[in-house]
Structure formats: C-alpha cells, structure tokens
Amino acid sequence: MLLFGDGGSMSERKQHRNKPITLTIDGKVCSGVYGETILEIARRNDIYIPTMCYLTKVSPIASCRMCIVNIKGVDGDILSCQEKAIDGIDVTTNNNHLEEERVKIMKLYDVNHPLQCGVCDKSGECDLQNKNLEFKISSQEFAVKDQPRQRKKWDILGYDPHLCIMCEKCVHTCNEVIGASALYIKPGGYKSTIDIKMSRCEQCGDCISVCPVGALVSNAYKYSANAWESNQIPASCAHCSSGCGLYYDVKDKGNLDSYGAKITRVTNDYEFAALCGAGRFGFSFENKHKTNSQDEFNSAVDAIKNCGTIKFNSYITNEEALILQKLKEKLGINLVNEDAKAYKNFLNTYSSVVGKNLYSATNQTVAQSDAIILVGTRISRDNPGVKYNINIATKKQGAQFIYMHPIDDVALHNKYTQFVKYEVGSEEAILAMLAYYFIDDIPEQYKSYFDDIDIGYLSGESSVGEEEFELIKTKLLRRKSKTLIIGTDIYSHPRANNIAKLVGLIDKYTDFNIMLIPSQTNSLGVSLICDLDDEIKGNVVGYNELGDYTISNIGEGNFAVPALNQQEGTFTNIDLKVLNTNAALPFDGYCLNDIANEILDDTKKYTIDYTQELPSANGYQNIPFDNLQNGYDKYGNDLRGYILNSQDIATSTVELEEIEELDSYDGSVIYRCEPLHQFNKATAKSLLLKSDSHLRGSASFATAAKIQAGDMVSIQYNGQTTQRMFKIDTTIKGTIALYPTFDNGLSDDLIPLGYRYKQVKIKKVETK
C-alpha cells in the first residue's frame, strides 16, 4: 500500500486537495480530507494518540515517536503526526507492541532526568510527568553517564539543559510562529542542547509556554509558586488590538482588604496561539491606589456633571465606552478621543465605498494568505499578533510579503520578499499607485480619474520606481489569496480621507482582502460605540488622560478607577470579535459605572450589565456577559466572545480627490514608535518589561543632527521643547529617529498625536 507521504507529484496532490476520504481508526469509521494527517483526523474524532513533541500550531516535528500507529497491510510503525491519511486505510493506535515501544521511549526520556519535581516550576503541569504516570513507568533499568551542561540565563528566560528532552517545540515555535529564529539545536549527540542567538530573541516567552518540562522558564517566576496554588483567570490581553487570549495565574486570590492577591505569571492556550512579551510579562499594571471616600466620589460625579468635554483614550472596555456615550447623550458633553476619531473617520469613508461597515480581513485571513502587502506600520512594534500571522503565511503558504514603509524593520528581514522604501508623507501616492496597478477593470465612473494620474510624478515624489510596482504586480499575478494591511501611520495622515477612498476601491475592484489595524486595544470598539467630537469645549474631565479633573486607572490623577486587569468587560479586536475579559485582581474603590449611576436615569448594578446593550446597529449582539465562553476548542477555534455582524450600508460614487503635492520633510524627522513590547501607560508599569525611553537613530541621523550617542538632546516642535537621551541603533537605517512616549504617564507629550512623523529641531543639551 502506498501512503500519501511516500510519493505523488505536486500536481497530483493539488488535484486531490480537499477531497473527502474515509478511514477506520480503532474500528471507528472516521471522515477526513485528503492532505490531513492520521493524527489530525484521530484527534478530531476524539481518538487519543499520545505525543510528546507534537504542537498543533507548527509543522510536525517527528522527534519523539510517541505517536506511532500500525496500518493494516503496511509493515513497521507509522508516525501519525506526519503521515498523510489516504482513503480506506485501517489504523490501530494501541496494541501490546505499540505500548511496549512507547514505554521504551519514555524510559529513554527518563535517562538521568533529575528527580526534582518537588521544586520544578513545571511540576503539576509537566507532560513528561503525566506520561510517566500514564505508562506506569515505575523502574529504570539503564542509565547513561550524565554530561556537564551549563544552565543559562537569557535575560528574562532561563534554560536548564539537564531537564531538556530535546522535543524541539521551542525551536519550531520561535521559527514558524514568532519568526525570530533565535532558538536552535546545538548538536552533540547526547550532549545536544538548545542554544540561542540573543540578537534575534524578542523575549516573547512563547518558548516557555510550549516547553513540556521545566527546561525553559521565566526567571522571574521560578520558585515563586506551584501550579496548583494559583487560580487561572481567563482574560484577553489589554495591550494591543489583537486581544490575544491569556490566563492570569493569581495566587492568594480574594484578600480584598490588603491586596494580598498577586498575579504570578501569564499563560495561554499555547497549542493553538501565541503571546508577545507584553502579553506574557506585562501583567503588573493593576491600580493599587484606591478612592473610596464619599467626598472624593462626590467630587468625581460633580466634575463630570459640570464638564464640557470628556477626553479619553481607547485602552478601555466596550462597556466603559458605552457609559461615556450615554453620559454624552444625557449631559450634552463632547467626547474627544483623537486616536479613535481618526480611525472612525477612515473606517467610515472606506465603508462608504465597499458597502460594509467593517473591513474584510482578520488574522486568520492573513495567516492563510499567499500574498501580503503591508503599508504604514512598524508592525513588530504596533501589533505583534499580525506579525506572527504574516510569518505563518510566509512559512506555511510560501506567501509573497511586500513591506512598504519609510523605515526598514530588522524584525521582518527574514519574512519579506520585497521591501519598498517610500518618502515620509507619500502614503497617498503609494495607495494611488497600488490602485492604479491592481485595479484591472476600472469602472467607467473612475476611468478618467485614473487616466489622469501621472504615475511618473507620483513615482518621483514617493521615490518608489514604476519598475518596483511592476515587479510587485508580477510577483502577485498568480496568487489566489491576497491581503492588503493598512497601518496606524495612515489614519492621521493629512490626506487620510482620500486614502480611505482608494483603499475602498482596492477592496471593491480587486481580489485583495483588507485589514485596517486598530491602533489601540479598543480603537475599533470605541469607533463603533461612541459619537466622537473634534473639539474640546469647557472644562475637561480626563478619563485615563490628563484633564482639568483626571480619573485614572494607573494610579495618577484626582480619582482612581480599576485597571483593565481588574475589570470584567469586553474589547472589540482586530479580528472583528467581541472578546470577554475577567478581573484577575480586586479593586477597592469605585468604577465609572458607579459615577454613571449618579447621573443616568437607567442605572446598572454592574458594568457588565451594559454588555448586552452594545449597539446592534453596528454589529453587536444582545448576549449577556455571563453567557460568553472562554478558551479554545479541540479544533483550535477561539471560543471567546462572538464575531460582529457585518452591516450593509448605502454606497454611492465617491468623489476622488487629486493626489496632493507632497510636503517636504527636510532636516530632522522623528517617528512616534514605542520600543518592543511597550504600548502604553500600562505596559510602562510592568516590572518585567525593561525598555529605555531614548530617542533612537542611525549613525547617519546622528551625523546630520550633529549629536552623538549618550547625548541629552532637546527636541523642538511647534514652539514646545522636550528632552531625551540619544542612542544609536544599528538596526535603523536612514535619517529618521524613533521617538517613544510610553513612559509619559498622564502627561501630554509635547510631540502630539496625529501623523506619526514630525519635522523637528534637535540640539545637544550642553551640561555644565
């Protein structure tokens, strides 16, 4: 019998793709699809096959051999994790022979494995420990002289080679999902270990999560708690719009008076998903300040009753956004959120072209794409979840990945197939050229507009040659699943409205799916729930922002409210899902709902009573918070929350504007961009995410600005001055410096929001 993995040409495999097949596993008739492995079909049919090295989110590793099965008519044992099933085979997953082989494998794993379960951080959730119990390993007949191997500390990560079973899960995850390719196998037979290229390591900790034993650990967590001592609180990450699923491990939960409850670590459903370093290590942002006096509460209520504007950001829940909207309707105040307003305007204009209120691509779309164009974001900093799915697409789909940005990104070097460097400010020209080259059958109503586009002029202004666009079109010509990703740089561009129209036309008249990355955790939710204003009027109440009266969840301001790891509620994430999150820690004080109950006619006992009242006209469903699920199912589907209902909206012929002449960005230019794993005021509070707040630039930037590494420099913009230490970053090329703002607390930065690039004057601060 010839198995799929033994032969067959590429054309034959494509011909049979998605063809249904039937096979028998342990006497049970199971259905599958041509191309699936025996293990995949068995798991879907609730048939257990033991594994040690298998990880759903990466390609089969095939190092442990625990998943061996027998197939009728086929000699020898078959690795079910990598062997493709074919129609009609009869599979046996367990018999005396297979049991004996698995016991032998376990004894090999146990050779000289230290018996330190009592102090090992993995004890209680160790796969090796579980398998020893499963196969009743009670004795060890042989041993090998142990080799001296040095324990390692790789910043936040710790590695103990004596505990390592060389399953290779960490290496495959680092390469195939995270895309850093930092971990590798250092060969040496029995002396083999895992090693690291520190210059590539992103300190995300996903290797810790997939390690089945205690070989890879968080140095900060080590020896701090046993797995069984903590309660796992299901939640959604509060730091960026991917809203990744996670669990807060909370020890001593319930001590409300002394804040004795403590988050000891964050874990996740590692079999199917990944977390960046901010999600895994940026958990210590709870608000320990409490405001529970009646006088202070009354002051907060009076401040909102008498204000003209509430200024806020998008690091809030949907329920908080709805409360703010109801306060606006009741009191006639303005709601000002510059980030969400820019995103809302862009989304609405785009939607008016495509006829849907939501964009068309999700992270799953990205991961399954064979062609991706990314414009207007330093994605490794803005949204690591999207970066991971781009990496998956390049590894699994062989995707052509075109990265377009004024600044190259070293984190994408092993991912993109073409980097297109354009001039700062030329995003409108770039999107116009993409529309020009990819809309083959231009509708009659837009034909004259595109006929009049001077491609040579746009090419010259943007510094992107016509031949580069021709090459992109050629590369993508035969690709079947294309995605265009639009980033945060675009929404506050001076020409954002016209760019949104061009993006809408690309969506409507090409085969590209479109993703509009929300710039903050809940930018999409706020834009769908709140009627936002451009202008500030009267006294300003700042909600997690600076105001005349400030209500804050980070421990600053006039009145304290709970942080996002102390709240129940929902976010609307990049995947167009409403995701539920739960309170990991208590908060001894008031919340926004308490204030609203003193002002609104319709009072709610809990903030989550608003969950089922989120606006259905914009796609939300009337589902109570307590009815929302958590975790993943066995197929890898995220069970949290629900998907927004896309709404049809009226369309008309849009009036495209002539591409505006490009402003000149001469002299020193800075780009608002946070360091790796820093997103906001919450991540800045983390005890484990250690990032400096230097202005970072290349040696050529330093030369042009007449400064040196280590200089304290003044940065002047629009009559205002701020200071930063300057640091040369060898990964940055060109004459644009990266300017962080994560560490400002509630202070308004002198380099304001809006378009992320700013022309500034930089001068060395002379010290006495």
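Thr173 is buried, with a relative accessible area of 1% (buried means under 20% relative accessible area, exposed over 50% and partly exposed in between, with a 1.4 Å probe and protein chains only). The model is predicted: local features need pLDDT of at least 70, side-chain atom pairs count only at pLDDT 80 or more, and totals for chains, interfaces and linings use all residues. Residues are numbered from 1 along each chain as its sequence is written, and side-chain values use heavy atoms, with hydrogens and water left out.

Thr173 belongs to helix 5 (residues 169-178); helices (H or I, at least four residues) and strands (E, at least two) are DSSP runs numbered from the N terminus. With neighbours within four places in sequence set aside, Thr173 contacts Leu55, Lys57, Val58, Ile178, Asp206 and Val210, contact meaning heavy atoms within 4.5 Å.

Helix 3 (residues 96-110) has 15 residues, which at 1.5 Å a residue should span 21 Å, and its end C-alpha atoms are 21 Å apart, in agreement; the expected span is 1.5 Å times one less than the number of residues. At the start of helix 3, a side-chain oxygen of Asn95 comes within 3.2 Å of the backbone nitrogen of His97. Just after the helix, Asn112 adopts a positive phi of about 60 degrees. The buried residues of helix 3 include Leu98, Arg102, Val103, Ile105, Met106, Lys107, Tyr109 and Asp110. Among the elements covering the buried residues of helix 3 are strand 3 (68-71), strand 5 (90-92) and helix 4 (127-134).

The largest nonpolar core has 114 residues, of which Ile373, Met404, Leu431, Leu434 and Leu516 touch the most other members. Such a core is a set of buried Ala, Val, Leu, Ile, Met, Phe, Trp, Tyr and Cys residues joined through side-chain atoms within 4.5 Å. Helix 14 (residues 427-438) gives the most to this core, contributing 9 residues. Residues up to four places away in sequence not being counted, Leu434 touches Ile373, Val375, Met404, Phe469, Leu484 and Ile506. Another core, of 54 residues, lies apart from it and includes Val103, Ile165, Cys167 and Phe679.

An open sheet of 5 strands has the order 15-14-21-22-23 and parallel pairing; two strands pair if DSSP finds at least two bridges between them. Its edge strands, strand 15 (334-336) and strand 23 (559-560), each pair on one side only. Within this sheet, 4 bridges link strand 14 (residues 309-312) and strand 21 (residues 540-543) in the parallel sense, and Lys311 stands opposite Gly542 in strand 21. Helix 9 (residues 318-331) lies across strand 14, strand 15 and strand 21, and runs at about 145 degrees to strand 15. Axes are lines fitted to C-alpha atoms, for helices over the stretch in contact, and angles run from 0 to 180 degrees between N-to-C directions.

A further open sheet consists of 3 strands in the order 6-7-10, with antiparallel pairing. Strand 6 (152-154) and strand 10 (216-218) are the edge strands, each pairing on one side only. The twist averages 25 degrees from one strand to the next. Strand 7 (residues 157-159) pairs with strand 10 in the antiparallel sense over 3 bridges, with Tyr159 opposite Leu216 in strand 10.

Strand 30 (residues 720-728) runs parallel to strand 28 (residues 695-697), to which 3 bridges join it; Gly697 has Ile728 of strand 30 as its bridge partner. Strand 29 (residues 712-717) is joined to strand 30 by 6 bridges in the antiparallel sense, and Ser714 is the bridge partner of Gln723 in strand 30. The hairpin of strand 29 and strand 30 has 2 residues between the strands, and in it Asn718 takes a positive phi near 50 degrees.

Key
A polar contact is a pair of N or O atoms within 3.5 Å; within protein, one must be able to donate a hydrogen and the other to accept it, and residues adjacent in sequence count only if both atoms are side-chain atoms.
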